There are 2 protein chains.
Amino acid sequence: MLKGNAIVGQSGGPTCAINATLAGVIRGAFKCPAIDRIFGARNGVEGMLAGRIVDLNTLIKGEDDIRLLAATPAAALGSCRKKLPKIGEDDATYEKLFDFFKKNDIRYFFYIGGNDSMDTVAKVSAYAATHDYEIRVMGVPKTIDNDVVGTDHTPGYGSAAKYIAVSMQEMIRDCAVYTVKAVTIVEIMGRDAGWLTVAAALPRLNGEGPDLIYLPERDFDNDAFLEDVKAALERHPNVVVAVSEGLRYKDGRYVGEGTQSGVLDVFGHKYLSGTGKALEMLVKEKIGCKVRSVELNILQRCASHIASKTDIDESLMIGEAAVECAANGVSGKMMCFERAEGEYSVKPIYNNIEDIANKVKTVPDEFINARGNDVTPECVEYLRPLIAGENPIEYENGLPKLFVIK
Amino acid sequence: MLKGNAIVGQSGGPTCAINATLAGVIRGAFKCPAIDRIFGARNGVEGMLAGRIVDLNTLIKGEDDIRLLAATPAAALGSCRKKLPKIGEDDATYEKLFDFFKKNDIRYFFYIGGNDSMDTVAKVSAYAATHDYEIRVMGVPKTIDNDVVGTDHTPGYGSAAKYIAVSMQEMIRDCAVYTVKAVTIVEIMGRDAGWLTVAAALPRLNGEGPDLIYLPERDFDNDAFLEDVKAALERHPNVVVAVSEGLRYKDGRYVGEGTQSGVLDVFGHKYLSGTGKALEMLVKEKIGCKVRSVELNILQRCASHIASKTDIDESLMIGEAAVECAANGVSGKMMCFERAEGEYSVKPIYNNIEDIANKVKTVPDEFINARGNDVTPECVEYLRPLIAGENPIEYENGLPKLFVIK
């Protein structure tokens with residue numbers, strides 16, 4: 001058994017579940033006989049290099065704190081976007097990092113984040129292997145974008161999908177009140193993959209959904225779009241459309257950029273209106289009915305008051321599993337979810353980082369309808385279990401109680 | 001006792017609580033010995049004039065349906081923006097309306113809505129008084145804007161305020177993860193009054209709030225704003241600013257319009273970027289740090305999954321109270337809330353419509369700090385009870401179950 005201390009860090013953009021994974025790692029470390037103390041690095045590797053760490057054995061007083069941390073959005077330890085240099089190019093950084101590990105007897109390193117974090121995991125693991133210091137390094141992915149290969153879905157995605165689905169259901173009700181023809185265009189995050197946008201279809205499970213859904217997996221065409229919207233307006237007066245921010249024309253131009261080309265603001269900047277706004281103007285011009293656009297924005301990744309219980313529970317579980325794997329001798333790997341056949345369940349597995357990094361998993365063809373303006377029932381079935389359950393929230397003064405590390 | 005049937009309608013923009021008031025009216029009618037049946041008008045007076053009504057005695061099967069309806073956002077009966085003509089100018093409309101009343105033995109008319117609805121209440125009541133048909137007409141206000149005089153607050157405001165407060169708390173966490181200087185500007189609804197924007201201060205009750213809050217009650221000044229932002233950036237790297245959509249310069253120009261003046265889109269339209277976007281560009285230009293803007297948009301009025309229990313309970317109560325008042329002989333009035341001194345409670349009262357209509361209640365001076373860039377603790381204390389409690393939500397397939405009238 002490799003005995004020593006552990007450190008955990010968070011990196012990349014925040015989500016609703018990155019603290020749940022952190023809480024899982026902490027819970028796992030508290031249980032693990034090999035791990036003496038667990039430290040938290042402030043702002044990921046930045047904090048490790050600067051010696052900015054917190055003692056999680058002191059900060060986290062028990063299961064109540066674990067649950068509260070798991071219900072807190074964003075990255076409680078702070079995040080960073082730092083990428084380690086290539087091994088051999090800047091040894092000073094690695095020496096500094098390993099000095100830190102040695103000084104604090106760090107034998108376990110858990111890193112929760114996106115592609116850059118997995119790159120760090122691979123590099124630290126490789127450096128350790130050739131420098132006579134035994135340390136086990138494990139990565140746990142997080143992203144609302146769900147665009148990671150090797151895993152059924154990513155921790156954080158289910159909560160973002162739930163927020164989008166719930167918001168969509170409420171906005172569809174809001175849009176339904178008048179008898180005047182009107183189009184509402186909802187812009188949802190996702191530059192290269194439509195995973196978040198497909199979640200807009202979920203209200204159909206309860207009877208009402210958007211009329212049209214457009215994903216970056218298909219070339220966007222203004223004429224086909226206007227035809228679709230006109231046909232929908234024939235069916236009922238209140239048309240709701242979900243669009244990915246990353247919609248592109250066949251020639252590669254972003255929709256949000258294309259319609260606005262040539263427009264400069266008063267400072268002379270090129271004005272990027274956003275995809276929803278561009279399509280709003282297109283409908284106004286070409287159809288002429290009442291139209292508005294809504295951008296869901298950063299709440300998609302931080303609205304933890306409506307987090308998916310499945311997502312939060314799984315994120316806790318995968319954090320704990322990372323500790324168990326490391327204690328059992330695994331290093332330099334990334335944790336993933338494998339979905340069982342039949343009734344929904346996932347089990348944590350690990351994969352090689354080089355098989356995963358820098359690949360993008362887009363929405364598969366069988367999830368998109370032939371015309372490219374909607375998702376299939378198969379897609380809704382894939383999504384259904386990921387938003388199941390409501391993570392319990394403790395309220396104080398009418399607001400969710402959060403676990404904030406100052 | 002005036003015996004007969006009742007009709008209820010909804011009008012104006014939707015909120016999270018307008019269905020709770022509807023549910024209260026229905027509950028009150030079910031209990032009221034004077035009322036035989038209660039009908040719902042589809043799309044307010046539009047539906048009454050077109051004979052489009054539903055039988056609520058059949059549709060609402062008991063207290064479970066009442067609670068589900070109360071938890072459903074927007075206007076379940078549909079809404080309208082119709083204003084009745086002046087009495088004497090177009091008798092045909094009134095004759096048609098009163099024919100409908102007579103045909104269906106309607107003796108009670110409850111109208112839930114904004115200023116236009118209260119105008120309808122006053123006119124129908126006045127017309128009835130001189131046309132030998134006894135009908136009691138009561139208005140119940142609803143608006144997320146809270147800008148109505150004669151009432152401590154409006155039904156619907158507490159839930160909108162809670163959504164804004166919860167979202168703000170989550171976005172502040174989201175913004176806190178990096179160490180790079182960044183400004184986040186959150187645009188909140190409110191053209192003439194800052195009531196919704198002041199709710200952004202509520203996360204302070206739990207320890208964290210926005211750095212700056214700007215309301216339409218004060219002239220906006222670019223230089224003072226930039227000074228404020230720079231000072232906040234000195235204190236910590238992640239600055240969060242809440243702004244009302246209705247911010248105006250001293251000369252009356254809207255901030256969202258001013259900064260964009262002269263900018264036309266490709267169709268030649270004047271481009272109104274919105275207040276948040278305009279200030280984002282100002283900060284980018286004059287300070288140069290990372291900056292983004294977020295527009296909370298229509299979810300402010302329809303995010304019923306996080307509705308204030310206080311708001312929903314009070315909205316049910318004021319609907320019931322409207323029925324009781326009418327049964328006791330009151331007509332042509334608008335229901336209001338009177339707040340008790342000391343421990344928070346409200347009681348339903350009624351006021352004359354002419355004392356209320358077309359007046360705007362803005363945020364009072366004592367709720368705004370001297371520099372006009374924040375609210376006072378007194379303001380937070382006024383708001384605190386309005387967001388208290390979470391309205392219980394029934395979930396189905398991971399989404400709130402709603403009561404939809406097709």
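## Model and confidence

Residues are numbered from 1 along each chain as its sequence is written, chains are lettered from A and ligands numbered from 1 in the order in which they are written. In this predicted model, local features need pLDDT of at least 70 and side-chain atom pairs count only at pLDDT 80 or more, while totals for chains, interfaces and linings use all residues.

Chain A has a mean pLDDT of 94 (pLDDT is the predictor's confidence in each residue, from 0 to 100). In chain A, 96% of residues reach 70 or more. The model scores ipTM 0.96 and pTM 0.97.

## The interface

Across the interface, 62 residues of chain A are in contact with 62 residues of chain B. Contact means C-beta atoms, placed from the backbone, within 7 Å. H7(A) gives the largest share of chain A's side, 9 residues. Other elements giving two or more residues include helix H11 (275-286) and strand S9 (290-295) of chain A. Helices (H or I, at least four residues) and strands (E, at least two) are DSSP runs, numbered from the N terminus.

Chain A's side divides into 30 nonpolar, 19 polar and 13 charged residues. Ala, Val, Leu, Ile, Met, Phe, Trp, Tyr, Cys and Pro count as nonpolar, Asp, Glu, Lys and Arg as charged, and the others, Gly among them, as polar.

## Domains of chain A

Chain A is divided into domain 1 (4-155 + 304-358 + 389-400) and domain 2 (158-301). These bounds come from an automatic or database domain assignment. The C-alpha centres of the two domains lie 34 Å apart. Their contact takes 17 residues from domain 1 and 13 residues from domain 2.

## Core and surface

The largest nonpolar core has 262 residues. Such a core is a set of buried Ala, Val, Leu, Ile, Met, Phe, Trp, Tyr and Cys residues joined through C-beta atoms within 7 Å. Val198(A) and Val198(B) have the most contacts inside it. Beyond four places in sequence, Val198(B) touches residues including Ile213(B), Phe367(B) and Leu383(B).

Gly88(B) sits in the loop between helix H4 (63-70) and helix H5 (91-103) of chain B. Gly88(B) is exposed, with 8 other C-beta atoms within 10 Å. By C-beta atoms placed from the backbone, 20 or more others within 10 Å make a residue buried, 12 or fewer exposed, and counts in between partly exposed.

Definitions and conventions:
Contact = placed C-beta atoms within 7 Å.
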